[in-house]
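Please look over the structure below.

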Amino acid sequence: AEKIVGYPTSFMSLRCLLSDELSNIAMQVRKLVGTKHPLLDTARGFVYDSRNNLQMRGLVVLLISKAAGPSTEELSFEHNMVSGIYSSQRSLAEITELIHTAFLVHRGIVNIGELKSCDGPLKDMQFGNKMAVLSGDFLLANACTSLAQLQNTKVVELISSAIGDLVQGIYYENSKLSEENRLTDDIGISRWKEQVFLSHGALLAKSCQAAMELAKHSTEIQDMAFQYGKHMSMSHKLHSDLQPFVKGSSGDPMAFSLNSAPAILHQEFLGREAWIKQIRELQEAIKAGKGVTSAIDLCCRHGNRALAALEHFPPSEARDALTNIVYAVTRF
């Protein structure tokens, strides 16, 4: 897919890597070696991660841009295109990655009060928290500066609202967990969808829409791009939530979140009282219940809605790549 859009889409461009500020951040993060601060794993992931595909959002923005092509209003500016993508759309892809990365870094802030001695010296862990705040803010500031340089009011409005959605989504994630047992509140799958859209889907959905706006595409095409980004993100999150329940049972059981879709759906089918009684045997109970199959069905439904949105784009290699991304997160 990266070959289709011209070059790798990681936000870590040479311009960014060679900046004094980012080099200084990297040097400071090295001080956390030997501790269990999450920021260290996040930093490693930028370089070594292939399983989680940290650059997926920027890649999708570029693919949807190429799949749509130039609009009739923008034909005179085709000389600004490289591999069928406007330079402004490439900037948008980088902005999307920067925002996502900034929030990944911010999520690495740990609760000092819950630390154990094996996590690392208190002084180092406090330093890691400061680095997580400052580094995330630095990346977010860079993204906002680049966003302003696009000089498109609607795009600024879309991406700004996506940042607001992310903040609200992360707030929900953190506030809805009780300190003991980390139980979910008594919420249903519709509420779960709302919260997951805010924390995982809004940025990609609105970035895909913004990419269409930069090329002056119609409102209909903008909405289809939004729908693809939204439903592909939902499928991606459901696919991730399902892994502890659909993978082989050999070896140690995978950790799973009580806020994942199978757990929420299992709670709905079982009832709150029985859910609390079964909490210590929950993973096996979910595997045997209806939550997993329902979550797989939900994942496929979102995938099908993403594919339906793609039908509004002309056939191309880029559209095929976007289709394959949906297939990859709906296959079990």
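Where is the place of Asp241? Asp241 sits in helix α9. Helices here are DSSP runs of H or I with at least four residues, numbered from the N terminus.

## Basis

This is a predicted model, in which local features need pLDDT of at least 70, side-chain atom pairs count only at pLDDT 80 or more, and totals for chains, interfaces and linings use all residues. Residues are numbered from 1 along each chain as its sequence is written, and side-chain values use heavy atoms, with hydrogens and water left out.

## Helix α9

Helix α9 covers residues 219–246, 28 residues in total. From first C-alpha to last, α9 reaches 39 Å, close to the expected 40 Å. The expected span is 1.5 Å times one less than the number of residues.

α9 has a kink of about 25 degrees at Ser240, shortly before the proline Pro244. The bend at a residue is the angle between axes fitted to the seven residues ending there and the seven starting there. α9 is mostly covered, with 21 of its 28 residues buried. Buried means under 20% relative accessible area, exposed over 50%, partly exposed in between, with a 1.4 Å probe and protein chains only.

## Packing against α13

The axes of α9 and helix α13 (residues 291–310) come within 8 Å and cross at roughly 155 degrees. Axes are lines fitted to C-alpha atoms, for helices over the stretch in contact, and angles run from 0 to 180 degrees between N-to-C directions. The two helices, α9 and α13, are therefore roughly antiparallel, a label for angles over 145 degrees.

Contact means heavy atoms within 4.5 Å. Residues of α9 that meet α13 include Met224, Tyr228, His231, Leu238 and Phe245. On the α13 side, Val292, Cys299, His302 and Leu310 are among them.

Leaving out residues up to four places away in sequence, Gln227 touches Arg305 and Ala309.

Asp241 is buried too, at 8% relative accessible area. Beyond residues up to four places away in sequence, Asp241 touches Trp192, Ser260, Ala261 and Pro262. The C-alpha atoms of Asp241 and Ser257 are separated by 7.6 Å, with the two residues 16 apart along the chain.

## Leu98 in α5

Leu98 belongs to helix α5 (residues 87–106). Leu98 counts as buried, at 4% relative accessibility. Leu98 and Cys144 are 46 residues apart in sequence, and their C-alpha atoms are 9.4 Å apart in space.

Technical notes. Parallel < 35°, antiparallel > 145°, perpendicular 65-115°, else oblique.
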